[in-house]
Amino acid sequence: MTTTLITNLASLVTNDPAQGDGTPLGLLTNAAVVLEGEHIAWVGPAAKAPAADETHDAQGRAAIPGFVDSHSHLVFAGDRTQEFNARMSGRAYSAGGIRTTVAATRAATDEDLEANLTRYLREALRQGTTTFETKSGYGLTTEDEARALRIAARHTDEVTFLGAHIVSPDFAEDPAAYVDLVTGPMLDACAPHARWIDVFCEKGAFDGDQARAILTAGKAKGLHPRIHANQLSYGPGVQLAVELDAASADHCTHLTDADVDALAQGNTVATLLPGAEFSTRAQWPDARRLLDAGATVALSTDCNPGSSFTSSVPFCIALAVRDMGMTPDEAIWSATAGGAKALRREDIGVLREGARADLALLDAPSHVHLAYRPGVPLVAEVWQRGSRRVTADG
């Protein structure tokens, strides 16, 4: 296989504490990295770099692992501009707006849904995202949920069945019957196309008992749990996530001390989604509280048409540093290695020998610029599986 030496890196975030400064970032200066096929073959100081078939001059840029966006909702149609406009004019956010997207998604063709999905994937890639998770949840019928997962699975291995996004409008008068559908025929049709199962455990969506039934049924079909937990209010979601060994509890905005302790002591990652708080003018998650307690934190976009219509992980990093108590180092780790842990992956979110060759080069000498220069398109190049997918000249 052809080897490529990327050299003249001002700094390199490896997320390997055995490298560089010995911190969780494993930060190297005056660094280089060698790619071989789809994987990393070598990482270290540029002065010690081995020979390679090809050489790429990074021109003093910083390099980071590709972002791992572990929570998104990209299989949908339409948008909710009017809802956003009303919310910015003072109307409160609630879970019910999802129904608008459900109607548009059901009416869309497969081709329309896939075109929309690939559009946002290209947008995310240009901003440094090399791995993403995405969910169903805007069909809420067996047929529409299954087709959403089939479409998503053509573009990522990290596919999540979210038939339990809200109670389908078709079952508004009989939520128990909808839970039976989600845990029965819908799950049977969707499980072959997904790795994960998720549920929105929240007032206006599903309570703790319903969420437990849905996630337990998914586990029995070989799907691993994740959960939308404690976004709009205090509730049982986080405790349920830890009890069921969910890979992640996502949102985590309203937490008791017991919730924080459970996350710190368990294997469940607290995935924070600041784009949602930005777009709904809601209370920010307290990342500092979670980190100080010893919980593992991931940052993700929650890209969706209703409450967080952004595909920009750099934007979420800037929000986390400015408003959630994270340092720039903690935020970059959470958006890369943290996202990988939320997907229970060890081959991404890190730049070390044998890992997948996913990295982004920044038009800046340090990763700190992602928070220092918010809103500026700093991602100059993106390498995904060893191939340069985004170039400095566009």
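Mentor: Let us start with a definition, since the expected span of a helix is 1.5 Å times one less than its number of residues. Please keep in mind throughout that this is a predicted model.

Trainee: Okay, so how many residues does helix α13 have, and how far does it reach?

Mentor: Helix α13, which covers residues 328-342, has 15 residues and reaches 19 Å from its first C-alpha to its last, close to the 21 Å expected. The helix also has a kink of about 45°, and that kink is centred on Ser334.

Trainee: Is α13 enclosed or open, and why?

Mentor: It is largely enclosed by the rest of the structure, because 11 of its 15 residues are buried.

Trainee: What does Glu158 pair with?

Mentor: The side chain of Glu158 meets that of Arg195 in a salt bridge of 2.9 Å, N to O. Glu158 sits in the loop between α4 and β9, and Arg195 in the loop between α6 and β10, so this pair ties together parts that are 37 residues apart in sequence. Glu158 is buried, with a relative accessible area of 2%, while Arg195 is partly exposed at 30%.

Trainee: What about Arg289, which residue does its side chain meet?

Mentor: Arg289 meets Asp257 in a salt bridge, at 2.8 Å from N to O. The two belong to distant parts of the chain, with Arg289 in helix α11 (residues 287-293) and Asp257 in helix α9 (residues 257-265), 32 residues apart. Arg289 counts as partly exposed at 28% relative accessibility, and Asp257 counts as exposed at 56%.

Trainee: Which residues are linked in a network of salt bridges?

Mentor: Arg61, Asp363, Glu381 and Arg388 are linked in such a network.

Trainee: Now the rings: how many aromatic pairs are there?

Mentor: There are seven aromatic pairs in the structure. Taking Phe278 and Phe315, the ring centres are 5.1 Å apart and the planes stand at 90°, so the pair is edge-to-face. Because Phe278 lies in helix α10 (residues 274-280) and Phe315 in helix α12 (residues 313-323), the pair ties together parts that are 37 residues apart in sequence. Phe278 is partly exposed, with a relative accessible area of 44%, and Phe315 is partly exposed too, at 27%.

Trainee: Which residues form an aromatic cluster?

Mentor: Phe76, Tyr120, Tyr138 and Phe309 form one aromatic cluster.

Trainee: Last one, what lies over the face of Trp196?

Mentor: That is Arg226, which lies over the ring face of Trp196 at 4.4 Å from the ring centre.

Technical notes:
Residues are numbered from 1 along each chain as its sequence is written. This is a predicted model: local features need pLDDT of at least 70, side-chain atom pairs count only at pLDDT 80 or more; totals for chains, interfaces and linings use all residues. Side-chain values use heavy atoms; hydrogens and water are left out. A salt bridge is a side-chain nitrogen of Lys or Arg within 4 Å of a carboxyl oxygen of Asp or Glu. Helices (H or I, at least four residues) and strands (E, at least two) are DSSP runs, numbered from the N terminus. Buried means under 20% relative accessible area, exposed over 50%, partly exposed in between (1.4 Å probe, protein chains only). Rings of Phe, Tyr and Trp (its six-membered ring) pair if their centres lie within 6.5 Å; planes under 30 degrees apart count as stacked, over 60 as edge-to-face and the rest as tilted. A charge sits over a ring if NZ of Lys or CZ of Arg is within 6 Å of the ring centre and within 35 degrees of the ring normal. The bend at a residue is the angle between axes fitted to the seven residues ending there and the seven starting there.
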